Amino acid sequence: MAGDVHIFGIRHHGPGCARSLRAALEALEPDCVLVEGPPDAEGVLSLAGDEAMTPPVALLIYPDGAPERAAYYPFAVFSPEWQAIRYGLGRGIPVRFMDLPLANRFAAQPQPAAEPSDDKTPTKPAEMGADENDASPPAKAATEAKAKADDGASEPADEADKSADTNDTNGAKAPSETSGTSGTSGTNDRTDLRIDPLGVLAEAAGYNDRELWWEHQVEQRQDPTGLFQGILEAMTALRAEHPPPVGHEAQREASMRKIIRAARRKHARVAVVCGAWHGPALVDLRGAKADSALLKGMAKKKVVATWIPWTYDRMTYRSGYGAGVRSPGWYQHLWEAPDRAAIRWATRAARLLRRQDLDASSAGVIEVVRLAETLAALRDLPLPGLAELRQALGSVLCHGEAAPLRLIAHELEVGHALGEVPEGAPMVPLHQDLQRWQKKLRLRPSAEIRDLKLDLRKETDLLRSTLLHRLLLLGVDWGERTEASGERGDGSFREQWRLQWRPELAVLVIEANLYGNTVEEATIEQVRQASTVAGLGELTILLERILPADIGAAIPPLLARLQAVAAVTADVRELMRALPPLARVSRYGSVRGSREADLAPLIDGFLGRILVGLAPACASLDDDSAAEMIEGLGEVHEAIRLLDRSDLREAWTLALRALMEREVCHPRVRGRAARLRLELGDLEEPGLGEAASLALSRAHEPSRAAAWAEGLLRGSGLVLVHQDAIWRVLDGWLCALSEEAFAAIAPMLRRAFSEFTDPERRTMAAKVRTLGGPRQGSANTPDRGTPLDPERAARVLPVLAAILGVAAPEAPPAPRNPAEELP
């Protein structure tokens with residue numbers, strides 16, 4: 001005899017709904033629990049009952065060999081489905097998923113970017129880069145909201161956020177627009193139902209905010225009696241008015257009914273937990289033949305399922321998750337503290353503000369609760385919700401300032417919770433090796449952004465740095481180097497990283513497992529494959545990146561590949577770009593024990609080819625090409641300075657001299673060569689004056705002269721300030737220009753000085769004021785031609801002696817007056 005089936009229509013991720021469902025299940029005491037979800041994951045479903053499984057977590061399902069097409073099914077502790085699963089597993093009764101298997105959905109979607117699940121799968125591009133055209137309407141709305149919204153916004157989500165869950169009252173895709181209504185006018189044209197079923201119910205109840213209606217009717221409900229029957233009746237009425245078309249949703253519901261029929265033949269009481277929209281379709285279980293015909297002949301694809309940690313940030317609308325919520329941190333608070341929620345929330349906010357050294361007194365907390373309760377009473381609400389508490393906090397503890405309120409929204413309303421999965425969860429060998437290293441090095445993954453300072457002289461810190469560098473090479477950006485750590489290699493024994501574990505990194509680890517079963521093996525193979533298709537500049541950067549990763553086995557083949565590519569490279573500019581990474585590796589490789597002698601022949605060959613081809617490459621350049629060549633000159637100059645070899649320095653100096661003397665070179669290039677020679681000490685002020693007199697003479701067009709001056713000014717502003725020769729040359733040139741010529745070159749000079757920072761420009765202005773004597777200075781500036789007055793100078797000598805702690809010198813004798821000596 002067939003058992004009874006009890007339908008519980010829910011909305012994904014709601015503490016009130018989860019609590020009501022738990023109470024209903026305890027009252028029903030079913031023999032079997034069916035939960036809407038992928039049947040492909042039943043092999044790992046039992047792990048949900050493990051004590052080490054800590055939400056938020058997510059089911060990760062992907063086609064075998066194609067993890068980039070992964071689908072996620074997130075669960076929080078306040079998710080009704082999670083509570084149903086834990087209820088069944090805790091009582092030892094059968095728990096099964098029911099839905100159209102992802103094996104069928106993946107097979108029906110050959111495009112790698114297509115989304116296999118519309119209901120709980122976070123959308124790409126928010127996740128793994130799906131084609132936006134394939135995204136469902138909720139996905140697109142959420143993606144647009146994420147692009148537009150401020151991450152720290154403290155106000156309620158904007159309209160794009162509100163529509164992120166529009167097609168789904170329960171996380172599942174809602175019906176498409178039915179025939180007969182599209183394009184028509186009148187009262188029967190209810191296209192808003194296709195967009196937002198919950199919005200229709202909220203509007204019928206007199207609410208203009210669907211989230212507020214759901215929170216008042218379900219999440220804050222004290223008595224769950226009749227709740228699920230009311231939801232079922234409401235959805236039945238909506239589906240009767242707008243029946244869903246035959247298609248993907250029909251196949252999903254047919255698969256659900258097929259699983260329910262099988263369960264009721266074995267069990268007396270079957271509890272069915274599904275999205276509220278699907279509830280009415282699962283009441284009538286007749287039509288088994290029609291369902292079988294609808295599912296017949298569907299292709300299948302082998303899939304892999306496992307559990308991964310999840311974060312609350314990825315459960316929000318802004319992450320692109322179509323069934324997301326606005327404030328998962330607030331929902332967890334309601335689940336953990338159903339009584340006196342307002343008092344505890346205000347207390348948590350005060351503690352957060354105090355940790356940031358902001359005022360938050362106990363009296364302020366009391367006032368926040370009073371104000372929130374008053375607002376709830378004015379709005380005829382039984383309890384203050386998040387909106388009331390947010391307004392009360394903003395008025396009392398935040399004093400009307402937006403920054404503290406954004407902090408509360410980010411830290412409390414969303415939160416940084418990162419779940420945990422038991423060790424027995426299936427994972428690829430690479431992920432297992434990564435977890436072993438994380439435990440050995442005490443690098444616990446965390447959803448919070450935290451800074452990590454490493455001292456490479458310590459073995460543990462050196463291994464931590466090596467692991468993080470290897471993961472970066474694999475594309476798993478768990479950590480990123482900060483600017484303070486000298487990312488370009490400063491020879492320092494210290495590094496600074498910023499770490500944050502994100503759920504999608506688990507998928508990247510699965511993808512990287514194709515390269516090898518350990519982090520080291522995978523990194524070596526990834527470097528080998530990347531080097532086969534990389535250009536010259538990419539190869540040198542790759543060489544620079546693999547040294548801190550300590551994968552010596554990858555260096556010899558990479559050097560061989562580098563030499564082979566360089567031998568057939570005729571582009572001088574590309575050789576220039578490739579030289580600085582080699583110089584940095586050669587100069588600072590000893591920090592990690594690498595051998596710089598291996599690179600010396602390679603560097604000599606690179607520089608030799610650059611010097612041979614430099615003069616022809618600088619001839620007949622337009623302005624844009626000249627700008628690129630100037631960048632290249634600076635890169636080579638920095639490499640020569642870094643290598644600190646006299647032979648290279650001499651060869652580079654000769655090349656710069658040749659550039660200055662070639663009239664066919666662009667004036668900006670010639671001016672830049674003069675500046676570099678000046679920095680090397682190869683050009684004195686007389687030589688610079690002679691070169692400037694030729695380049696800045698009236699025989700040249702003002703624009704060419706200004707281009708030479710622009711090249712001369714290019715480079716470090718701090719170094720330029722101390723180059724007095726340059727300033728005197730430019731001062732003499734500008735003073736000799738006519739008014740018309742100065743007006744013509746002024747834009748070019750402004751462009752040259754615009755590259756310097758404001759403090760540098762202020763220092764330069766002060767430098768200019770000291771040029772040329774009192775004509776350039778202030779009224780108090782002494783004339784350089786004024787002779788020294790020994791008597792006045794002698795007056796300060798005792799004071800200086802006292803300051804320096806030395807004996808005061810004897811006063812100089814008074815000057816002899818010949819007139820007084822006459823008889």
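R340 sits in the loop that runs between α12 (328-336) and α13 (341-355), and it is a handy place to start a tour of this predicted model. Although R340 is not a glycine, its phi is positive, at about 55 degrees. The protein around it has 823 residues, 50% of which count as buried, and its secondary structure comes to 35 helices and 10 strands.

**Loops with backbone features**

- R340 has 57% relative accessibility, and because the cut-off for exposed is over 50%, R340 counts as exposed.
- R442 is another residue other than glycine with a positive phi, near 55 degrees.
- You will find R442 in the loop between α17 (429-440) and β8 (450-455), and at 60% relative accessibility R442 counts as exposed.
- The peptide bond leading from P55 to P56 is cis, with an omega near 5 degrees.
- P56 has its place in the loop that links β2 (32-36) with β3 (57-63).

- G14 belongs to the loop between β1 (4-10) and α1 (15-28).
- Is G14 buried or exposed? Its relative accessible area is 1%, and because buried means under 20%, G14 counts as buried.
- Leaving aside residues up to four places away in sequence, G14 touches F78, P80, E219 and Y331.
- G14 and L334 are 320 residues apart along the chain, yet their C-alpha atoms are separated by 9.3 Å.

**Helix α2**

- Helix α2 (residues 80-90) is largely enclosed by the rest of the structure, because eight of its 11 residues are buried.
- The buried residues of α2 are P80, E81, W82, Q83, A84, I85, Y87 and G88.
- After α2 comes G92, with a positive phi near 70 degrees.

- Strand β2 is mostly covered, with five of its five residues buried.
- In a regular strand, side chains alternate between the two faces of the sheet.
- In β2, C32, L34 and E36 lie on one side and V33 and V35 on the other, and all of them are buried, so both faces are covered.
- Which strands pair with β2? Strand β6 (residues 269-275) pairs with it in the parallel sense over four bridges, and strand β5 (residues 95-98) also runs parallel to β2, joined to it by four bridges.
- For a closer look at the pairing, L34 has V272 as its bridge partner in β6, while V33 has V95 as its bridge partner in β5.

**Nonpolar cores**

- The largest nonpolar core has 84 residues, and I546, F606 and W652 have the most contacts inside it.
- Helix α25 (residues 623-643) gives this core its largest share, nine residues.
- What does F606 touch? Not counting residues up to four places away in sequence, F606 touches L536, T540, L562, A566, L575, A578, L579 and L582.
- Another core, of 66 residues, lies apart from the largest one, and W310, L353, L412 and L474 are among its members.

**The whole chain**

- Of the contacts in the protein with a separation of 6 or more, 74% are between residues 24 or more positions apart.
- The protein exposes about 39000 Å², and carbon and sulfur atoms supply 51% of that area.

- The average pLDDT of the protein is 79, and 82% of the residues score at least 70.
- Over residues 485-490 the pLDDT stays under 50, and the model has 10 contacts beyond four places in sequence for this stretch.
- Residues 818-823 also stay under 50 in pLDDT, and for them the model has one contact beyond four places in sequence.
- Where pLDDT is low, the predicted coordinates should not be read in detail.

Conventions: Residues numbered from 1 in each chain as written. Predicted model: local features only at pLDDT ≥ 70, side-chain atom pairs only at ≥ 80, totals over all residues. Heavy atoms only, no water. Core = buried A, V, L, I, M, F, W, Y, C linked by side-chain atoms within 4.5 Å. Buried < 20%, exposed > 50% of the residue type's maximum accessible area, 1.4 Å probe, protein only. Helix = DSSP H or I, 4+ residues; strand = E, 2+ residues; numbered from the N terminus. Contact = heavy atoms within 4.5 Å. Pairing = 2+ DSSP bridges. pLDDT = per-residue confidence, 0-100. Areas by Shrake-Rupley, 256 points an atom, 1.4 Å probe, with all protein chains shown as cover.
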